[in-house]
Amino acid sequence: PEDRIKDLEKFAADYKGRSQAIFAQFHAAGLLVQDGKIEPAVAIYDAVSKDSSIETIFRQLADLMAVQVQMDKGDAAALDARLEPLLIENGTWRFTAMEYRGFLALKAGNKNKARQIFTELSQNAEVPKSLSERAADMQRYLAE
């Protein structure tokens, strides 16, 4: 995978500013995660997130992915803070960010906050069905 990652990084550098380059960066980060190399993957997500030449939707996706890959071992409060800007009304990633916040609240031992988030997600008609169903499953789990 290291050669593939290097090829993807070279492609991303050669075609900087094009959407294919961003996809190459995401793919390289994904390969690093598969290989258990979380820190270098997060570095790629951080670079995408901070690059103002990249469309907002991709920068926000990079934030989500960085949180996702660090959720098990990262600092719950810091990861939660990273999600805050994604919670804007009508934001593309707001419901996924809310779901991640629910898991982070649970990780931090705040079952009440997690329950509140998953309840809101499961009852909001705007939430995509699959996410709403996961939230309902989490609600049931937290009720036990």
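Select Ile38: leaving out residues up to four places away in sequence, Ile38 touches Val33, Val69 and Gln70. You are looking at a predicted model, and this residue sits in helix 3.

**Zoom out to the whole chain**

Switch to a cartoon view. The protein chain has eight helices and zero strands, so reading from the N terminus the order is α-α-α-α-α-α-α-α. Along the principal axes, the C-alpha atoms fill a box of roughly 50 × 30 × 25 Å. The chain has 144 residues, of which 40% count as buried. Among contacts with a separation of 6 or more, 42% are between residues 24 or more positions apart.

**Select Phe26 and Tyr45**

A search of the whole structure finds four aromatic pairs. In the one made by Phe26 and Tyr45, the ring centres are 6.0 Å apart and the planes meet at 40°, so the pair is tilted. Which parts of the chain does the pair link? Phe26 belongs to helix 2 (residues 19–34) and Tyr45 to helix 3 (residues 38–50), so these are distant parts of the chain, 19 residues apart. Both Phe26 and Tyr45 are buried.

Leaving aside neighbours within four places in sequence, Tyr45 is in contact with Phe26, Ala29, Gly30, Ala62, Met65, Ala66, Val69 and Arg82.

In soluble globular proteins, nonpolar side chains tend to be buried together. Here the largest nonpolar core has 21 residues, and Phe26 and Tyr45 are those with the most contacts inside it. Helix 1 (2–14), helix 2, helix 3 and helix 4 (56–70) are the elements that give two or more residues to this core. Helix 2 supplies the largest share, eight residues.

For another core, select Phe95, Leu121, Leu131 and Met138: they are included in a second, separate core of twelve residues.

**Look down helix 1**

Helix 1 has 13 residues and reaches 18 Å from its first C-alpha to its last, close to the 18 Å expected at 1.5 Å a residue. Color Ile5, Leu8 and Ala12, the buried residues of helix 1. Seen down the axis, the buried residues of helix 1 fall within an arc of 65°, so they line one face of the helix. Which residues are exposed on the face turned away from that buried side? They are Asp3, Lys6, Asp7, Lys10 and Ala13. Helix 2 is included in what covers the buried residues of helix 1.

Select Asp51, in the loop between helix 3 and helix 4. Is Asp51 buried or exposed? Its relative accessible area of 17% makes Asp51 buried, because buried means under 20%. Show its polar partners next. The side chain of Asp51 makes a polar contact of 2.6 Å with the side chain of Lys16, and another of 2.5 Å joins the side chains of Asp51 and Ser53. Not counting residues up to four places away in sequence, Asp51 touches Lys16 and Arg59.

**Move on to helix 5**

Helix 5 spans residues 76–83, and its buried residues are Ala76, Leu79, Asp80 and Leu83.

**Finish at Ser122**

Ser122 lies in helix 7 (residues 111–123). Select Thr119 along with Ser122: the backbone oxygen of Thr119 lies 3.0 Å from a polar atom of the Ser122 side chain.

Terms used. Residues numbered from 1 in each chain as written. Predicted model: local features only at pLDDT ≥ 70, side-chain atom pairs only at ≥ 80, totals over all residues. Heavy atoms only, no water. Phe/Tyr/Trp six-rings, centres within 6.5 Å; stacked < 30°, edge-to-face > 60°. Helix = DSSP H or I, 4+ residues; strand = E, 2+ residues; numbered from the N terminus. Buried < 20%, exposed > 50% of the residue type's maximum accessible area, 1.4 Å probe, protein only. Core = buried A, V, L, I, M, F, W, Y, C linked by side-chain atoms within 4.5 Å. Contact = heavy atoms within 4.5 Å. Expected span 1.5 Å × (residues − 1). Arc of directions from axis to C-beta. Polar contact = N/O pair within 3.5 Å; in protein donor to acceptor, adjacent residues only side chain to side chain.
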